Structure formats: structure tokens, C-alpha cells
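Subject: Structure handover

Dear colleague,

Here is the structure I said I would pass on. My notes follow below it.

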Amino acid sequence: MSISLCTLAPFGVKLPGLRLGWQTRSSLRAKGAAVTGGENVLEKTMKEVRYLDVLYDDGFGSVTLKGYFTTVRAMLRNDGGPPRWFCPVECGQPKVENAPLLLFLPGTDGVGMELILHHQSLGKVFEVRCLHIPVNDRTSFEGLLQFVEQCVKYEHSLKPNRPIYIVGDSFGGCLAISLAARNPEVDLVLVLVDPGISCAETSLQPILLPLLQIVPTILQLPIPYLAISGGNLTSVQPLVAELGHTIKWDTIMWRLKLQKLGASYASSRLHEVQAQILLLARDNLLPNGDVADRLKTMENCKVRHFRSFTDRLILDDNINLLTVIKRANMYRRCRKLDFVTDYLPPTLSEFKKTFDEDFKPYLRLLSPVMLSTLTNGRIVRGLVGVPEKGPILFVSYHSLLAIDLAPICEEFLREKRRVVRVMAHPVFYWENFASSSQELSFFTNISLYGGVPVSPFNMYRLLERNEFVLLFPGGIREALHRKGEEYKLFWPDEAEFVRMAASLGATVIPFGCVGEDDFLELFLDYNEQRSIPYLHNLIDSVNQNFSRIRDTVKGDDGNQVFHLPAVLPKVPGRLYFLFGKPIELKGMKNILKDRKSANKVYMHIKSEVENTIAYLKKKREEDPYRSITQRALYQATWGVSAQVPTFDP
């Protein structure tokens, strides 16, 4: 293990391999300022590496639960001393500018190593510090709270505009809530992992505590350790077998009392919490009770549920904590989330989990064909016709239920190693729409793979940063179209995106996607749903949460009402994409002032989209592998990973 016990040395004592605690780091800041006339030496050093590549290796999965047991067994020895912060060596140095601080507060075992599976991934985008409570320490709950509070206030005084993340596991959740209640002026983001605030209502403590008080303290039995590890009798047996014999009765008694006091204190101050909260729970089984219900219904609280076979979510090697935070749109470096600058590119492990595991059957069913157009007009397979550098604005027709998004994101990551920043409808960021689902969902992946709330300001800033931007001018009016409207464009009357692209010298690439009619058939569209009273009221209720996205299309064609059409699956055909010839707008300044010229370019782009759709609809008839049966036979012969042929462009 690369995490050394010397990382737990008291602050101010420098040992080989030691990552400094916050008090020592603060002294370095002061000395650096004195030497350089105010320049921060430590922060200057930490700015040497400040970027993340697309599909970078976040290290998640390199440490297993066995490694956790090995480390904890050593750390549970009688190391003496008061509670302290340590910086795991695996975390390394943040690779992003102005990385926020992340403080980990452990459960009542107090070890502080429960984040070990996440050290490498979190360390690239956070300054990580973990709290360690020595096994024989008897600091009161109030004392622990003051200790954490001292660190938080000091860091806040140094960088008042930087958020401080508090990850609280079980008992650590009680500390986190209590801290937030006492410090509403500090910008805190709480990540609560199965918090212990309802332990008095649901755990074994009311039964175990009286029994333990009458047991001689000289005995050392492992079973009571369950109560301080999470309170689940069946799923922490491996932990008990490894560590239970090292925990003495007086320690167990003290930690149980801490848990009870912490839960009581946190529940009594819950109404004072103003911090953002991300609540992580197993299988929708968040502990019942008044406290838990109050927490779940708080306006600033997001809830995410997971299917997990372990008692400790934070030790589940199928759950990447950084990915969870990113999917919830809760990673930020200032007081307000910036969807453009705060975005973190997908990691290699996230990509593999999404496209090589979770969405692999779906993508294999679609069997997408990607075609692009070279500058000489020749159509080739793959994305070779798409320029390597931005700014690029991709515009197209939006397929039914947005089935076109996943293949586009995957192909650009695989072939170009570029993230396509999708201008997405606000419904993807509406918490009431996403929180009721499991963590794995289509909607959470929008944020993970570059989605940005649609707005002219966001699109301008993305193009200004030379990004690949994807815009569907027809929006949800096309993605949720009605019967008989397949492949019909519902674009706005104004050519605003053309003028914006020209002002930034962007390249516009019109493209088409065909195949939705081979997968889905509309059974109940918007017009039919409006005739059903219950659905009529539901649609109106949902759309009250969104401001009008587009009002530049006359009549009902511009109606951007969100609803979910009922569809029937069909025997799968195939999905086809054709990226047209790039249209260079660099140097076309006349578009900015001449509305007629801008509209001419706009209509040209629109006609190119329609031409690509017409081309694909015709050519797919020549594809011998359009049928899923023929594709299955081909892959049975040549292997499931073989690229299935298609028509000759």
C-alpha cells in the first residue's frame, strides 16, 4: 500500500512521505507570502499541472476492499494522540485549477480510510483530507465538532469563494449536518452516505447499549462492532472477522454513545442547514423515521439510490463517488455552478462502465453507422471528415426520444477523443424529474458526457472555448414529435445560431440521423394525450417548471411542450448518421450585420440537413445488414466485436 502510517503524524512534524495537514500547510502559506511578497508558494507549486485529458485514467478500481482491510488493520493499533487530519498519498496533487477542498468524516470506527477506493479519482479534482480518530481517543462529540469546525473556518477565511465538500459516512454524516447547521455562512456541500441521523429510531443501539453496559469491559467480543460499523448484522461480517477482535468494550461503549449524541444533535439542528446536500442510500432503503423524511424533503437536498450488495456504499467497488457527484451536477469551484467551466471530462473508467457495460446491449441493438463527408465531397465511413479542432457547431434533426445522443457521444470519444457538448433541455436538470430514479439512468449521463442547459449564453461560451457543440434547433418539438412527423424539421424562424457561429469563426457541420422509424412506433402522441384529462393535467403541471425555450416559430409548430409519448418497439433496424461537408464561417463578417445574408446561410444549413436525411433514407435500402437478423448472423460468424458492414457510400 502506498498510504503510509506516517501520514497520520501530528501536524508540524515532517516525516518521510508525509502529506501535510492543514495547520502545517497554513504555516507554509504564511512563509511563502513573506518570502515572495504575497505570492503563495504552495499554490504556485500546485499550479504546475492544471488540466485533465478526455478519458484520463482516474485510478478507480486500482484499490480493492482487501487493500482497505490491510490498511485499517494497521491503523487500528493504539497510536495515541488526539483526532487529526491526514492527506492520503494516493490522492496526489489536484490537476484542475482552484480545486475545492474535500474533508472526509468517517463512521464511528474513526479510521478515516473508507475513501480508499476513491482516493486517486477524488485527488485529481479535490484537495482531499481525512479525519482519523485514534482507537483509544475519548474526545466528546462537541469536541470533534469543534475540531472539524476549526479547520473549515480557517480554510473558508483563506478562500471564501471556494466551496468546501464534506463527505460524511454514517456517524460522519451527523458531524457534517451539525457543522453545516452551525456555519450557514460557509459554502458547504454535504455528501451524506447512509447518514446515521436516524440510528436512534432504526438501528440496534437501543437494544445493544443497555446490554453492553452490564458486560465486563475485560471481554473482547466482535459482535458489538456491528453497531459502530453501520448497524447491519448480515453484510459486515467480513469486516467483523477482520477487525472485531481488536476493538475493546470501552471503545465500543464510547463510540456508541458518540453515535447516539451525534444523531440527537444533528436531528435537532437539521432545520438550520442551508448547505447543498447529496444523500446517497442503498436500494431506496434510507432509514425510516421523521429525521430521514425531513432530510429527503429538504429543498436543497438531492437523493440518489443504488443497488448494492455491501453494507457500506462507500466501499462498493461498483460505485465511483466522483462520478456520482458529477452526474448530480454538484461539482463546482465557486459559489455558483458554471456548466461550462466546472465541467470535468469523462474518465476512462466512466467510459468503459457506460459504453462497454451499461449501454452495450442498447448500442449493439442500434448498430449505428457513422459516415462523414470530406472537403472534396466524398462520403466515407467514420468521422475522418470531421475537423480535429473546434470551434465546431453540429446541427441536425433530433430523433424521437433522443435515441441519437448515445451513439454520437460514444463515437466521438472513441474516434476523436472529444466531448460533444450537447445543448440540452432544462428537464435534464430538473431535480424532481431525476431524483426518483436509480443513479444509473439516461438523464444522469447527459451531464456526465457534456450536456449543458440550452441558452445562447452557454452556447457562445462553449464556442469561444473551441469546443464541439451539438445543437438541435428543433429541440424537443422534434424529439417528441407527433404521428406522421418523422424526419420533419421544426426550426425557429430566426438565424441566431448562424450569426453567433460567424462571430466566433466557427465551423458548422450539418448532419442527419435516420432509423427511428425502424425502432419505435408512436402509439399515443401529444395530441392524443391532451384529450385524456389526467395526462392533460400532468403535462401542464410538469411544464410549469420550465420557462419558454423558444417562441420564434409561429403557430403550434413552435410548441416546445415536454411530455413522454407512448411508443411501441419494432423489430430493430439500424441507425444511420451522415455528417455533411463542413461549412466554414470564419471571415464571413457580413453575416453579422446583413440579416438577409445570415438567413441565406441558415437556409443552406437547413437544406443540407434535409439532404443528409434523404440520402440516408435512400441508401439504407441498399444495406444488406439493416435487419437485426442479418447482423446477428454476421457477428456469430466473425465475432461480436466485429464491425458490421453497410452499404457503399
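**Notes on the model**

Asn466 sits in the loop that joins helix 19 (456-464) to strand 13 (468-471); helices (H or I, at least four residues) and strands (E, at least two) are DSSP runs, numbered from the N terminus. This is a predicted model, in which local features need pLDDT of at least 70 and side-chain atom pairs count only at pLDDT 80 or more, while totals for chains, interfaces and linings use all residues. Residues are numbered from 1 along each chain as its sequence is written, and side-chain values use heavy atoms, with hydrogens and water left out.

**Backbone exceptions**

Most residues other than glycine have a negative phi, and most peptide bonds are trans.

- Leu401 belongs to the loop between strand 10 and helix 16 (405-416), and it is partly exposed because its relative accessibility is 28%.
- Pro391 is in the loop between strand 9 (379-381) and strand 10 (392-396).

An open sheet of seven strands runs in the order 1-3-2-4-5-6-7, with mixed pairing; two strands pair if DSSP finds at least two bridges between them. Its edges are strand 1 (84-86) and strand 7 (301-306), each of which pairs on one side only. From one strand to the next the twist averages 20°.

Strand 2 (residues 101-105) is mostly covered, with five of its five residues buried. In a regular strand the side chains alternate between the two faces of the sheet. In strand 2, Leu101, Leu103 and Leu105 point one way and Leu102 and Phe104 the other, and all are buried.

Strand 2 has parallel partners in strand 3 (residues 127-132), over four bridges, and in strand 4 (residues 164-169), over five bridges. Leu103 is bridged to Arg129 in strand 3, while Leu102 stands opposite Tyr165 in strand 4. Strand 4 also pairs in the parallel sense with strand 5 (residues 188-193), over six bridges. There, Gly168 has Leu192 of strand 5 as its bridge partner.

Two packed helices are described by the angle between their axes and the distance between the axes. For helix 6 and helix 11 (residues 249-269) the angle is about 35° and the axes are 8 Å apart. Their crossing is left-handed, meaning that the near helix is turned anticlockwise from the far one by less than a right angle.

On the helix 6 side, the contact involves Phe171, Cys174, Ile177, Ser178, Ala181 and Arg182. They meet Leu258, Gln259, Gly262, Ala263, Tyr265, Ala266 and Arg269 of helix 11. The residues of this contact divide into eight nonpolar, three polar and two charged (Ala, Val, Leu, Ile, Met, Phe, Trp, Tyr, Cys and Pro count as nonpolar, Asp, Glu, Lys and Arg as charged, and the others, Gly among them, as polar).

Thr612 is part of helix 25 (residues 595-619). It counts as buried because its relative accessibility is 4%. A polar atom of the Thr612 side chain lies 2.6 Å from the backbone oxygen of Val609. Leaving out residues up to four places away in sequence, Thr612 touches Phe511, Gly512, Leu578 and Gly580.

Ala598 lies in helix 25 as well, and at 0% relative accessibility it is therefore buried. With the same exclusion of residues up to four places away in sequence, Ala598 touches Ala495, Val498, Arg499 and Ile591. The C-alpha atoms of Ala598 and Met588, 10 residues apart along the chain, are separated by 9.5 Å.

Regards

How values were computed:
Buried < 20%, exposed > 50% of the residue type's maximum accessible area, 1.4 Å probe, protein only. Polar contact = N/O pair within 3.5 Å; in protein donor to acceptor, adjacent residues only side chain to side chain. Contact = heavy atoms within 4.5 Å. Axes fitted to C-alpha atoms, helices over the stretch in contact; angles between N-to-C directions.
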